[in-house]
Amino acid sequence: MSKNLVIVESPAKAKTIAGFLGKDYAVEASFGHVRDLPKSGMSIDIEHGFVPTYEISPDKKKRITELKKLAKGATVWLASDEDREGEAISWHLCQALNLDPKTTKRIAFHEITKTAIDRAVANPRHVDQALVDAQQARRVLDRLVGYELSPILWKKIQAGLSAGRVQSVAVRLIVEREREIENFTAGSAFKVTAEFTAGDDKLVAELPTRFKTDAEARQFLNDIVPAKFAVADVETKPASRKPAPPFTTSTLQQEASRKLGFSVRQTMVLAQRLYEAGKITYMRTDSVNLSELAIESAAKQIKKQFGANYYQEREFKTKTAGAQEAHEAIRPTHFDADLATVSKDKGEQKLYELIWKRTVASQMADARLERTTATITISTRPEQFVAKGEVVLFDGFLKLYLAHESDEDLEEEGILPPLKAGQDLPLVKGDATQVYDRPKPRYTEASLVRRLEEMGIGRPSTYAPTISTIQDREYVEKGDLEGKERPVKRFELIGGNVTEQDTFENYGADRGKLFPTSVGMLVSDFLVKHFPAIVDYDFTKKVEEEFDEIADGKQKWNKMIAEFYGPFHKTVEAAEDISRQEAAGARDLGKDPATGKMIIARLGRYGPMVQLGEATDTDKDGNEVKPKFAPLPQGKRLDEVTLEDALEMFKLPRIIGKTPDGQEIGANFGRFGPYVKWGSSYVSIKPDDPFTITLERALQLIAEKQKADAAKHIKAFEGTSVAIMNGRFGPYITDGKKNAKIPKDTDPASIELAQAQELLAAAPLRAKRRRIVKS
């Protein structure tokens, strides 16, 4: 048994570190957190200082037993990550393994290299209780909010809903942006450009003024028909462009989204792997600093690869309020690595190259530019055309890397032809095109991270989980939106004649953007109205700052929780009086012309729907008449659906014909989208529409479904419901009610009916999933 036991979070990290330590060290993984609050019950003693009760996670009990054996007689070194979450893992390991956190050796490093590991082992410390308290405060606060607020959502809106502190703020941002877009009224103006002859070259210029009406635009072009055009002034100025700082967690997520198309979650998974393999430094950080060694290594690589004139040492300062997670930016651990062979995984390889280039570029020289602006007079009008050009004199860092600091790519404007003051410029053509104002764009995952960081909400370790959670809970969905057409008026001046053209442009199309769902909007509106503090941007920022103060030892964690909980709990108690109908966003759309019954749009058990009639309705004989239900039309939210929409949905199912064996085929919308049904069977018809799908198309989809189902059947027993099927986890026996495993080394096709029935009889009943709706 080894004299020293080093415990880290993951097997990949353990394997890398083991390669740097000698035979006297055994390196083992805890597989993440080993203790947490139980899933059921609050497990927080509110009366006695909000003390949490933790338990060893069921899936970690065996691992803890193994680690206890390995720890006997050994010196234990806790080597979890250096942020608050990592510190908490070390503290929980102390509790689970009966170690004293005040004396147990704790080592931390921001990169997994031999130098960093040796330095950490030579300078151990103990568990930092302030960091543990900050993580514990976040965990306790989030449990209090979730445990007390979620049942209110179940009662008032829909069973199964949940609310989180940072997640609710993120949803609010997306909801408010969607409403801004919906309420936006696009104005328009006319942009005027002109093309001139300048010697042997063309020169394109633009009028800084935009005309509000088509009459003004047409008049301008008519006025310049007889005009003379001349260069009034040519101004040339030097300019420069500086490289962006090395990556923080936030900027890496944003850039990987823009340049590589990675989701926030995907970026963090790949970065974690690269870190654990010793390829990059720690990936949860809001620092842009580089160590002296990193700067020296980058300098050496730049001089070798590009030349000394491309090197410029820089030190970046972190501007993010409350920056605290780590002490260095995300960077490569080795700058002389062969970029092409860092990883066999394509995703890891692309992300590593992005990190390497950004880091090296941050230590490269500015790009030197020359910007030229020419103003052009018009003899018949007071306005002036302006032409702008830009040329790169020295590419500097642009030779390696162009950072996208916004959603718009930085583009070089191009060089202007030789011009001098007083030079006449013959007009080739003029153009006045109607352009529309645009609303603020919907959030992408990357731009949402950026906005959260700007507002001081969340920290590097919370961005990815927050964005994943709001999508997993179906408060927000990432999707595409088809554009619409709108008219565009254009005037063109050629050969002294002004002509008018009426064209169209597509607008409003979106790809990979975040849209709020009906449920997301309802929950957000409910929280904003009845729990404003929880979704208040300043409050959420203040909470993050208080966590920072706890981590710095400036505030007691349970005192901070107590100050929050008192007012919050009173608001929860007051929420019992809120009307369920109001909270669930129920709306009377109008009466059904055929029955005179009210049609209501509301949130139902399985999501947004429309309802015809009430549960209390009766017929003329006094018999109960159940309401009819229909899903919302595709692409409609609860707050958008109209009476006309609802009436169309109640026309479904639409009978479109029969199968060859005489079964009626009906098309409809269901919980999971559009489908056709024949007999007791269903098949999805996405992207077809139940209102327009033809019998021919339906029969085609039915045939494809039957063929796919037949491929799943290994064996069927005629006259019974028993069958042997191919499933996701291998062959199994089923009778439609129970499933039975097939014994190892048994050929599924060799099983006869009697054996199949015996195996089914011995198999446990499938647990029924029960949905509890509280009212």
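Me: Which residue does G590 stand opposite in β20?
Reply: G590 stands opposite I599. Keep in mind that this model is predicted.

Me: OK. How many bridges join β19 to β20?
Reply: There are 4 bridges between them. β19 covers residues 587-591. The two strands run antiparallel.

Me: And how many residues lie between the strands in that hairpin?
Reply: The hairpin of β19 and β20 has 6 residues between its strands. G596 takes a positive phi there, near 80°.

Me: What about the pairing of β20 and β21?
Reply: That pairing is antiparallel too, over 6 bridges. β21 is made of residues 607-612. β20 and β21 also form a hairpin, with 2 residues between them.

Me: Which residue in β21 does L603 stand opposite?
Reply: L603 stands opposite P608.

Me: New topic. Where is A667?
Reply: A667 lies in strand β24, which covers residues 664-670.

Me: Is A667 buried or exposed?
Reply: A667 is buried. Its relative accessible area is 0%.

Me: What separation do the C-alpha atoms of A667 and P151 have?
Reply: They are separated by 37 Å. Along the chain, A667 and P151 are 516 residues apart.

Me: Let's look at the surface. Which residues gather in a patch of negative charge?
Reply: The patch brings together E292, E296, E313 and E315.

Me: Where is E313 found?
Reply: E313 is in the loop between α10 and α11. α10 is residues 292-305, and α11 is residues 346-361.

Me: Why does E313 count as partly exposed?
Reply: Its relative accessibility is 49%. Exposed means over 50% and buried means under 20%, so a value in between counts as partly exposed.

Me: Now zoom out. How many helices and strands are in the protein chain?
Reply: The chain has 20 helices and 30 strands.

Me: And what does the C-alpha trace span?
Reply: Along its principal axes, the trace spans about 100 × 85 × 60 Å.

Me: Last one. What percentage of the residues is buried?
Reply: Buried residues make up 47% of the 775 residues in the protein chain.

Definitions and conventions. Residues are numbered from 1 along each chain as its sequence is written. This is a predicted model: local features need pLDDT of at least 70, side-chain atom pairs count only at pLDDT 80 or more; totals for chains, interfaces and linings use all residues. Side-chain values use heavy atoms; hydrogens and water are left out. Patches are made of residues with over 30% relative accessible area and no salt bridge: like charges are joined within 9 Å, nonpolar side chains (Val, Leu, Ile, Met, Phe, Trp, Tyr) within 5 Å. Accessible areas come from the Shrake-Rupley method with a 1.4 Å probe; for residues, only the protein chains shown count as cover. A salt bridge is a side-chain nitrogen of Lys or Arg within 4 Å of a carboxyl oxygen of Asp or Glu. Lys and Arg count as positive and Asp and Glu as negative; His and the chain ends are not counted. The place of a charge is taken as NZ of Lys, CZ of Arg, CG of Asp or CD of Glu. Buried means under 20% relative accessible area, exposed over 50%, partly exposed in between (1.4 Å probe, protein chains only). Two strands pair if DSSP finds at least two bridges between them.
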